[in-house]
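Trainee: I have a structure open that is new to me, and I would like to learn how to read it step by step. Could you take me through it, beginning with the sheet and then turning to the helices?

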Amino acid sequence: MTEEQILCSASKYTEKFYFNPKYANLPKKIQDELHIALVIFTEEIGGEIYLYFDDEGGLSIATDYKENDFLYDEIGSGLKVNQLRMEKRELFEQLEEYYELLIMMKPGGEV
């Protein structure tokens with residue numbers, strides 16, 4: 001995953017949320033919804049979570065944690081990722097359409 005493929009991320013370690021400025025033209029409501037979902041994930045599970053577009057334009061979820069993070073809930077992480085995919089399925093499908101139409105179809109992938 002490259003920096004420009006990352007839509008947004010959150011980290012329990014830095015207690016920060018990152019939204020890629022490349023996608024700043026997304027409605028504020030969608031940005032806020034993603035912000036809330038990712039921060040809740042890191043508050044409940046720990047570690048870091050990333051939403052990113054794969055090479056085919058699909059929206060993927062990746063999680064990571066520090067090796068010495070004994071509070072990270074690895075089992076809960078998988079369950080919570082599945083829950084997030086189910087609850088945000090429609091939003092994720094719309095984001096994939098957005099990415100395909102506005103990013104993948106443009107020369108140079110510029111918004």
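Trainee: In what order do the strands form the sheet, and is the pairing parallel or antiparallel?

Mentor: Please keep in mind that this is a predicted model. Its 4 strands form an open sheet in the order β2-β1-β3-β4, and the pairing is antiparallel. The edges are β2 (16-19) and β4 (59-64), each of which pairs on one side only, while the twist from one strand to the next averages 10°.

Trainee: How many bridges join β3 and β4?

Mentor: Strand β3, residues 48-53, pairs with β4 over 6 bridges in the antiparallel sense, and within this pairing Ile49 stands opposite Thr63 of β4.

Trainee: Which strands does helix α1 lie across?

Mentor: Helix α1, residues 28-45, lies across β1 (6-11), β2, β3 and β4, and runs at about 40° to β1. Helix α2, residues 74-87, also packs on the sheet, where it touches β3 and β4, and its direction makes about 160° with that of β4.

Trainee: What follows α1?

Mentor: Gly46 follows α1, and its phi is positive, near 95°.

Technical notes
Residues numbered from 1 in each chain as written. Predicted model: local features only at pLDDT ≥ 70, side-chain atom pairs only at ≥ 80, totals over all residues. Heavy atoms only, no water. Pairing = 2+ DSSP bridges. Helix = DSSP H or I, 4+ residues; strand = E, 2+ residues; numbered from the N terminus. Axes fitted to C-alpha atoms, helices over the stretch in contact; angles between N-to-C directions. Contact = heavy atoms within 4.5 Å.
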